[in-house]
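Please keep the sequence and the structure at hand while reading.

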Amino acid sequence: MAKATVPNYLLLTYLLIHLLLPSYLSETITLYKPEDILDAARSQCLVLFPHENLTKWKKDILQLLADVSFGNESSVLFGTVNTDNFIWPNGRELNLEGSKTMGNYFLIFKRIELDRTCLLLPETNIPIPSVATYNLTSFVSPDVLDDIVQFINTNCHTFRNEEGQLTVAGIHRQHILENLFKVPKTKENKNLDHKQEDESCMIGENDNAKKCENRDEHITNAKTQNKYVDTKSELQKCDRIQLSELSSPLQFFQEFVSLSKPVIITGAIKQWPAFTKWTRAFLHDRYGDIKIHIKMTSDGIYEGVEPKSIWRDESEKEIPKAVLEKLPYPDLVVVRPASREILFSDFLDLVENISQGKVKDISAYLEYSSIADYFPELQEDITEMEFFRNILELKHLNLWLSDGNTLGKLHFDPFDNFLCQISGVKELLLFEPHDNSKLYEAHIQEAVLSYNQSSHTFHRTTLLESTSMVMSPVDISDPDLKRFPKFADLQPLNCTIQAGEVLYMPAFWWHEVQSKPNVSEHRNMAVNFWYEPFLTREFPCPECSLDVNPKYFHLL
């Protein structure tokens, strides 16, 4: 990237102004106290020069940075601070890590990343901004000024050159944020019953078994069926692209990743050994003796939100009153499924018995189970997408396996996701992440089902102190539009994937997942790759928008 330099006449002009108008400068430079810094750092980055050491040439630099280089950057504040006897409101001293011995320096107080995970922080746990220091020389040339600007850019996540213009990376970031994909609106958007896709392909329908097996058809359990559909105009559907249409990783990055645009890729994983190798018999024989952690419900619905009033709390712990008062929906709970440690062979038997109707009123799910931890050898049978390798950082590789009649309720994941379907079908309804107030994002108290292994019954008896941060309180099958009226403005995107297909789902897209089993194998199986997201945001935070992850600034 070519460097932009400040013209010499501009530096000379500022020096002249500073010599002629010293009183003007003293009035326009803000002196920040520790409490002022804490308040401002919640949303902005501060570049502050030590007030007790503020010489004329340092004022020149400060004013040049504030008025020219970052004059159009509202996310950065400039001023001075008294570093002598500096004490934060919590009593801690300012740690400059030996900077005072450098002589001439200035400080950057970085924007505070708020801890939104906990609603009950002690009063002494006041978030303190990180501090970076820059050692100044007494002679500021254009090259030195460029170095100062880059130092501020790095620590404040800005993209300016000395003249105050956006850098090439800054222009790219701006273009990305202005062109994020949004679901096209249809004329009508109603909540009505879901249409069955092909009711002739049902387990037990022998005449159609071969046809269904060839097409990897599926069945639907009415208890877990998603009802969000528009009968007057079809739901918008994900774009689909053949692997052969992707000419390069750059193309996929530009057309989908940088736009936060979901897409279904066909022809990308059919060659995986997993499709022929991961039979029930193989998994039973190879991994039958390992212990796994499964989730269970009575009806196949996972992580739904329901009234707290139907729960009888028998736990000894109660959610703190101070936390309860901060919950926007204190009458609702996110229902976590019951859990059980079980041999993998017993789980496979249970799945088969559920599918054949031998076991009723129970659903068992092996969800987001780490392949590296439980089934390391299976990694040899699957591969990352070649067109995506080494673009983003892989965080998790998971296996998902159930009898197929499951419904994962509306939520988001803070990862870029490649969902790879091995058997059965997953019908995902996606909602864009650009205005999360319409999904009523918030902390919601959690509750967990208990399972009695003797009576094989589920009970609602355990309310938790913890809260969920990624679930929506809106039931999209029967939304309460009086309570959640903004939800009516949203348009879902239908992204249904068959066996052999891959869904790229960018981070923070809200989704509800209806799984349906393969007829011949009586199961639904998928693996997914979770990546550090390219676009990220704080959560839960309905007003927070997506922005480029600082870990990937080098891609701009």
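What volume does the largest cavity have? The model is a predicted one, and in it the largest cavity comes to about 40 Å³.

## Cavities

The count of cavities of 30 Å³ or more is two. Ten names make up the lining list of the largest cavity: Glu303, Gly304, Val305, Lys409, Leu410, Met471, Ser472, Pro473, Val474 and Asp475. Sorted by class, this lining has five nonpolar, two polar and three charged residues.

The second largest cavity has a volume of about 30 Å³. Its lining consists of Val257, Ser260, Asp416, Tyr504, Pro506, Ala507, Phe534, Leu535 and Leu546. Here the classes are seven nonpolar, one polar and one charged.

## The largest pocket

The model also has open pockets, and the largest pocket has a volume of about 1,400 Å³. A total of 44 residues line the largest pocket, and Arg111, Glu113, His157, Glu538 and Asp547 are the ones nearest its centre. Two or more lining residues come from each of α5 (142-156), α6 (168-178) and β26 (547-548). Of the elements, α6 contributes the most, with three residues.

By class, the lining of the largest pocket holds 18 nonpolar, 13 polar and 13 charged residues. Both domain 1 (9-115 + 125-165) and domain 2 (240-294 + 340-434 + 476-555) supply at least three residues to the lining.

## The second largest pocket

The second largest pocket has a volume of about 560 Å³. It is lined by 31 residues, and those nearest its centre are Tyr368, Trp400, His411, Asp413 and Trp530. Several strands give two or more residues to this lining: β14 (363-370), β16 (406-411), β17 (416-423), β18 (425-431), β20 (457-468), β23 (510-516) and β24 (524-531).

Strand β16 provides the largest share, five residues. The lining of the second largest pocket is made up of 16 nonpolar, nine polar and six charged residues.

## Aromatic rings

A pair of aromatic rings is described by how far apart the centres are and by the angle of the planes. The model has 41 aromatic pairs. One of them joins Trp88 and Phe109, with centres 6.0 Å apart and planes at 80°, an edge-to-face arrangement. Trp88 belongs to the loop between β3 (76-81) and β4 (105-109), while Phe109 is in strand β4, so that the pair, 21 residues apart, links distant parts of the chain. Both Trp88 and Phe109 are buried.

A single aromatic cluster is formed by Phe252, Phe256, Phe387, Phe388, Phe418, Tyr504 and Tyr531. Tyr504, a member of this cluster, is also part of the lining of the second largest cavity.

## Charges over rings

Two arginines are placed over aromatic rings. Arg286 lies over the face of Tyr287, 4.9 Å from the ring centre. Arg537 has its charged end over the ring of Phe412, at 5.1 Å from the centre of that ring.

## A residue in helix α6

Helix α6, which contributes to the largest pocket, contains His175. Along the chain, His175 and Ser258 are 83 residues apart, and their C-alpha atoms are separated by 9.6 Å.

## Backbone features

The peptide bond from Phe539 to Pro540 is cis, with omega near -5°. Pro540 is in the loop between β25 (535-536) and β26.

Glu303, which is not a glycine, has phi near 60°. This residue lies in the loop between β10 (301-302) and β11 (305-307), and Glu303 is among the residues lining the largest cavity. Glu303 counts as buried because its relative accessibility is 11%, under the 20% limit.

Phe508, also not a glycine, has a positive phi of about 75°. The loop between β22 (501-505) and β23 holds Phe508. With a relative accessible area of 1%, Phe508 is buried.

Conventions:
Residues are numbered from 1 along each chain as its sequence is written. This is a predicted model: local features need pLDDT of at least 70, side-chain atom pairs count only at pLDDT 80 or more; totals for chains, interfaces and linings use all residues. Side-chain values use heavy atoms; hydrogens and water are left out. On a 1 Å grid over the protein atoms alone, a cavity is a set of points where a 1.4 Å probe fits but cannot get out, and a pocket is an open set with protein on both sides within 12 Å along at least five of seven lines; lining residues have an atom within 4 Å of a point. Grid points are joined across faces, edges and corners, and a volume is the space filled by probe spheres set on the points. Helices (H or I, at least four residues) and strands (E, at least two) are DSSP runs, numbered from the N terminus. Ala, Val, Leu, Ile, Met, Phe, Trp, Tyr, Cys and Pro count as nonpolar, Asp, Glu, Lys and Arg as charged, and the others, Gly among them, as polar. Domain bounds come from an automatic or database domain assignment. Rings of Phe, Tyr and Trp (its six-membered ring) pair if their centres lie within 6.5 Å; planes under 30 degrees apart count as stacked, over 60 as edge-to-face and the rest as tilted. Buried means under 20% relative accessible area, exposed over 50%, partly exposed in between (1.4 Å probe, protein chains only). A charge sits over a ring if NZ of Lys or CZ of Arg is within 6 Å of the ring centre and within 35 degrees of the ring normal.
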